[in-house]
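Welcome, and please open your viewer. We will walk through this structure one selection at a time.

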Amino acid sequence: MKEVLNFWLKDPTIFPNIAKVYQTPATQGDFTEFPRNIAEELIKKLNETGIFSLYRHQAEALNWIFQGNHTIITTGTASGKTLCYLLPILQKCMEDLAITALLLFPTKALSQDQYKNIINLSPSQLHNAIAIYDGDTPTSQRRMIREKTRILITNPDMLHTAILPHHPMWERFFHGLTFIVLDEIHLYRGVFGSHIANLIRRLKRISRFYFSSPVYILTSATVANAREHAENLIESPFQEVSDNSSPRGEKYFLLYNPPVIHQELGVRRSALSEAVRLGEDLLARGKQTLVFAHTRKNVEMGVKFLQEHNPHLANQIFAYRSGYLPTQRRKIEEALKTGQAKIVVATNALELGIDIGGMESVVISGYPGSIAATHQQAGRAGRKKQTSLVVLIASSSPLDQYIIKHPEFIFEKAPEMALINADNPLILLQHLRCAVFELPFREGDAFGRLSWNDIRPFLQVLSLNQEVFATADRFIWRANQFPAQMISLRSTSGDSFLLHVEEDERITTIGEIDQASIDWMVHPGAVYLHQGQTYIVEELNFEKKYARLLPFNGDYYTQPIMDQTIQKITEDKVQPMAGCNIHFGEVEVTRQLKGFRKISFHDKEILATEELELPQRSLRTTAYWIEIHSQSIQQLSDNNLWSATPINYGPNWQKQKNLARQRDHFTCQLCALPEKGAAHHVHHKIPFRQFSTYEQANRLENLITLCPACHQKAETVVRIRSGLSGLRYVLTQLAPLYVLCDAGDLGSVSDSQSPICEGNPVVLIYDNTAAGIGLSQSLFERHESLLSGALEVVLSCSCSEGCPSCVGVGGENGFAGKQETIALLQILNGLPIRL
Amino acid sequence: MDYPFAYNNIMDESFLNRLRMLGVQIGTDSTTTHASPKIDSGIPIEKIIPGKSYSTIFGDAFVFEKQYSPDYRHGMIDFNGRFDLTTLLAWSRLPVDPPIQIDEIVFLDTETSGLAGGSGTLVFLVGLGYWKQGNYHITQVFLRHPAEEDAFLTALDELITPFRIMVTYNGKSFDAPLLNNRYILNGFNNPLKEKHHIDLLSLTRRIWRNRLNDRSLGNLEQEILGFHRSAEEIPGWMVPQMYFEYLQTQNADPMKGVFYHNEVDIVSLSALFVHLANLLQNPLEANERQSLDWIAIARLYEELKDYDRAVQLYEASLKIGLPTHFFIQTLYRFASLYRRTGEYDKALVLWMKAVEFNEVEACVEIAKYYEHHQKSHYQALEWTETALKFLNTLPLPRYIKKQKIKELEHRRNRLLQKSGKPHNGISHE
């Protein structure tokens, strides 16, 4: 491995791109004997599989668990986490024949993999007592499993729809329930995590009903708040085991920044092509390598390049992604284990704990979006005795570039927090339905940490809806329905739209899409990508809730043009900070898709703009907003770095304004919306500042009546100049570094004259989920580090006038306002303006 | 994370508005926000159904009992209590000793608050049917209110104590698990677990598979029992909604139809049991000229190793005739029955009959018979040739035909070797 490294360090086309090399020395590992209470048989079985002692952290976990503590294990990939929960379970199951354990894995594939693993480690007399119960379990076996299984492997969706609603059929199992394992809990975040927390509340009610109080054992990838996250999910105190004491070979971790190929735009050579290039070097030296790519399309492209360049090794090059059949996947996993596969290009489908053995090297093409995922992917490299190598190749995105400059985020302390909001009223309401179905609520009952007073209003709403029936002392289920079947754990609104594809006069359903995303993703005329295929949306049917797609071979993609207005509902917190006040509260975001742009795949040029008429949608959610102080604006204006200051339009302004409105029949001259209640805005076609006198500027010929939404559009250029939109851009891009979320989980708006803060300039970030899942609240709490990170990103970017890696490429005139953004960020960081 | 919103009072309009803004629909078309049950104007169940209070240690339950007259007929079925259950009970694999008396059997059917099952589904009416000293009775236990469930379940427990055997229709997948849920949810032992459970659904499926597409109790009632319900009947899918309306309004009037529906279900279930008992005991008389039913019952006899009665039924069926497909199927089954009992000559007659329908398999069976039992390789060879001839005329998929020809040619070649004849000279291509 060192040979490859030396080769790269000498190659002048590679060496300059290596931004950082981290070396982790080999460690011997810290071993300890099996605890004395472990049965001989169990130890014998472990010896057979080559395990003769425990790592110290495993013994520590066992100790906590045997003492009855809820325990979270965060010791990283390949540190033997399975044994941490499996040994106590096996031991107790052998001591007491009534004891049972529930093991929840996030996916069916992972259940299959872990099942094999668990069988391997278990004494044969327990094999009949271990089973998977999921959607693939044949009906003929289910009864047997319900009656006999003691170590049950399943997933949250199955617990939700098949086990809890039928708990009396699992009476024996719940009576004996002693351990509950949740694996990979960093995945249980956001909406999904909020559902899981409520599922646990239900599970706890049912356990209590059968007089059992199980010990929870959780595992997680590295996140900043693993223990807190566990405590939020389970609503009980946890012990954490985090020091990895397993032996590891020497490991090199390279941060690789592809060379800049377009200085103006800050565009770098693509991460994928660099990954292929490095992959080839590794392949040539026979190093088994896993290349991670972001999209399925990239996976296919990567494999195509590799095979074209190395035809003699084509049978050792594989692609691995979701969308492949399980049998295909198992084959590739097997080929990895046996070493037959030398290089595999994969999506994050291979990031989860499926056992493929340790790789010699891992190449990550583009920052995977979170530090947790980076660790998971990098953890695939590493063997007990050999040296291994990880290369993280940055893309041009701000986050990737930030990571390149701040490798300590990866190597020292992960700053990302996994967040959930179990009390999101929509999610809570859905699970209360299920909970009433499972067991009636009696006066005084709690639901997780929510008291009777917290949940009673929800139950009363269900009663008004005739879904539950209120008697003198309890609420019982009354609808002739099975609520769990109508609730998906993976979205807030039960409503989703189906994606129908019409091809050769046959209609097939290729997937579904959340109500919240339909405007963005599948509006009429949208180009939609699914499994590497391109489709165009023919029809969006709101009544029957489907989108009809046709296969599409055009050379453009689409970008929606969205109008957003924000209304403040409540303001829960305000805090003065440097140069601004920050707020947290509830807002209503009204969004309307006005149209979309067709953008060329090749040169990103706008080919056409089309208008659409779609209904307005509103989203009530939580938001964090930054209200810029007027002193700050003054400071910027003095430095000529703010051009959105309200202007004194002169003594005839009111009169001219009214004349213009009258002339335009009080109707917006862009969208023909008539005035309703409030007066429309009057806009200067040529900006006021460009005239030397107000009379000239305010001539009627220069004025036009616009509704507020159209006015906002017309002012875009001006607002960009203020640095406000640059600030919005960089904050939104950077936020996922602090809260574990996907790009679509947050929305943002900037407004230089915001009605929610008395006309002051505002940048607002909101949770893109009805009622919020805690993302914006966490950003509010981490305002200072978010802002200092943002300043660094923009300052250290080598572009001249803004690029996708810092403040964005700006409006239609290409002017992004990088200087203005830097100045604004300096003020918000309490620093003097220095450009 | 602190809980950001305080919801303390339902009357708090801002709470309701908040949920509405989030897209939650509040209230249904038929209710206003302030609708409350009008208990005063309600008609209690006691005024609708002449039942009585049944007292338990958990309070009172509501029970209705009714005795049928000794000469009651349900459709075409006599309810006089004189039936021979021997074969039916044998099929049910119940312990024979001590012999089961009709008085030990209870017929059970439930009405529930939902048809989807699961622990959120209430059982609110359980109908029991039974014979006592030759007279037929029904008892219905009704849940007047969910708060009364302990008493309701205890009453049911006590009422079914005398019976060893429980008969249901589809009860193994519906009624029994639901009642099990209710007992567990209320912290009781489930008394049904002690009973032998006969679910007639699997038996009716076997007997009428060939004849009836719809084997629901309602359809059997009309097609087999010849009973037709009165106008009081309400369809089963409406029952859950009606019960909740009763709970809401406390007006028991619509429950009349539900009680009727449940009662007829129980009586029809009992009648079906009687009919099945007669049918299995004496199929030729109980079910005249229904040869499709007879062959189904004959198979059942075969399973019970009652070969004499199976023979009798197969003979009768072939005699009065069957649709061609079933006729041939029956020839084979009947023949293999004889083969099993060693009566090859009788089996041979049946296979010969099948040969009239150009049956390849029959030829093969005959060839096997000549080869192994008559040791006549020549005859066996002849029949193998006939089989090959028939096979060539059959409209079978090519790959299947190929496979079968291969098998037959293998047999032929073996026979040729045994009989000492040369291989070549005979070709069937």
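## Stop one: chain A

Select chain A: of its contacts between residues at least 6 apart in sequence, 71% join residues at least 24 apart. Keep in mind as you look that this is a predicted model.

Colour chain A by secondary structure and you will find 28 helices and 34 strands. The radius of gyration of chain A is 29 Å, close to the 28 Å that the globule rule gives for 835 residues, so chain A is as compact as a globular protein of that length. Buried residues account for 48% of the 835 residues in chain A.

## Stop two: chain B

Now switch to chain B, which has 17 helices and 9 strands. How does its radius of gyration stand against that of a compact globule of 429 residues? The globule would have a value near 22 Å, but chain B has 31 Å. Along the principal axes, the C-alpha atoms of chain B fill a box of roughly 100 × 65 × 40 Å.

Of the 429 residues in chain B, 37% are buried. For contacts in chain B with a separation of 6 or more, residues 24 or more positions apart account for 64%.

## Stop three: the sheet in chain B

Stay in chain B and display its open sheet of 7 strands, which has mixed pairing and the order 1-2-7-6-5-8-9. Which strands form its edges? They are strand 1 and strand 9 (196–199) of chain B, each of which pairs on one side only. As you step across the sheet, the twist averages 30 degrees from one strand to the next.

Next, select helix 4 (residues 149–160) of chain B, which packs on the sheet. This helix touches strand 1, strand 2, strand 5 (105–112), strand 6 (123–132) and strand 7 of chain B. The direction of helix 4 makes about 45 degrees with that of strand 2 of chain B.

Zoom in on strand 1 (residues 52–56) and strand 2 (residues 59–67) of chain B: they run antiparallel and are joined by 5 bridges. A hairpin through 2 residues links strand 1 to strand 2 of chain B. Show B:K52 and you will see B:V63 of strand 2 opposite.

Then look from strand 2 to strand 7 (residues 135–142) of chain B, where the pairing is antiparallel over 6 bridges. In strand 7, B:V141 is the bridge partner of B:V63, while B:Q140 is the bridge partner of B:F64. In a regular strand, side chains alternate between the two faces of the sheet.

## Stop four: where the chains meet

Bring both chains back. The contact takes 38 residues from chain A and 37 residues from chain B. On the side of chain B that touches chain A, the elements giving two or more residues are helix 1 (13–21), helix 5 (175–185) and helix 8 (239–249) of chain B. Helix 5 gives the most to that side, with 5 residues. Colour this side of chain B by class, and you get 21 nonpolar, 16 polar and no charged residues.

## Last stop: the nonpolar cores

Finally, show the largest nonpolar core, which has 315 residues. Select A:V391, A:L432, A:V730, A:L734 and B:I297, the residues with the most contacts inside this core. Helix 9 (residues 255–281) of chain B gives the most to this core, with 15 residues. Apart from this core lies another, of 16 residues, among them A:I518, A:Y528, A:A547 and A:L549.

Conventions:
Residues are numbered from 1 along each chain as its sequence is written. Chains are lettered from A and ligands numbered from 1 in the order in which they are written. This is a predicted model: local features need pLDDT of at least 70, side-chain atom pairs count only at pLDDT 80 or more; totals for chains, interfaces and linings use all residues. Two strands pair if DSSP finds at least two bridges between them. Helices (H or I, at least four residues) and strands (E, at least two) are DSSP runs, numbered from the N terminus. A nonpolar core is a set of buried Ala, Val, Leu, Ile, Met, Phe, Trp, Tyr and Cys residues joined through C-beta atoms within 7 Å. A residue is buried if 20 or more other C-beta atoms lie within 10 Å of its own, exposed if 12 or fewer, and partly exposed in between; C-beta atoms are placed from the backbone. The radius of gyration is taken over C-alpha atoms; the globule rule is 2.2 Å times the number of residues to the power 0.38. Two residues are in contact if their C-beta atoms, placed from the backbone, lie within 7 Å. Ala, Val, Leu, Ile, Met, Phe, Trp, Tyr, Cys and Pro count as nonpolar, Asp, Glu, Lys and Arg as charged, and the others, Gly among them, as polar. Axes are lines fitted to C-alpha atoms, for helices over the stretch in contact, and angles run from 0 to 180 degrees between N-to-C directions.
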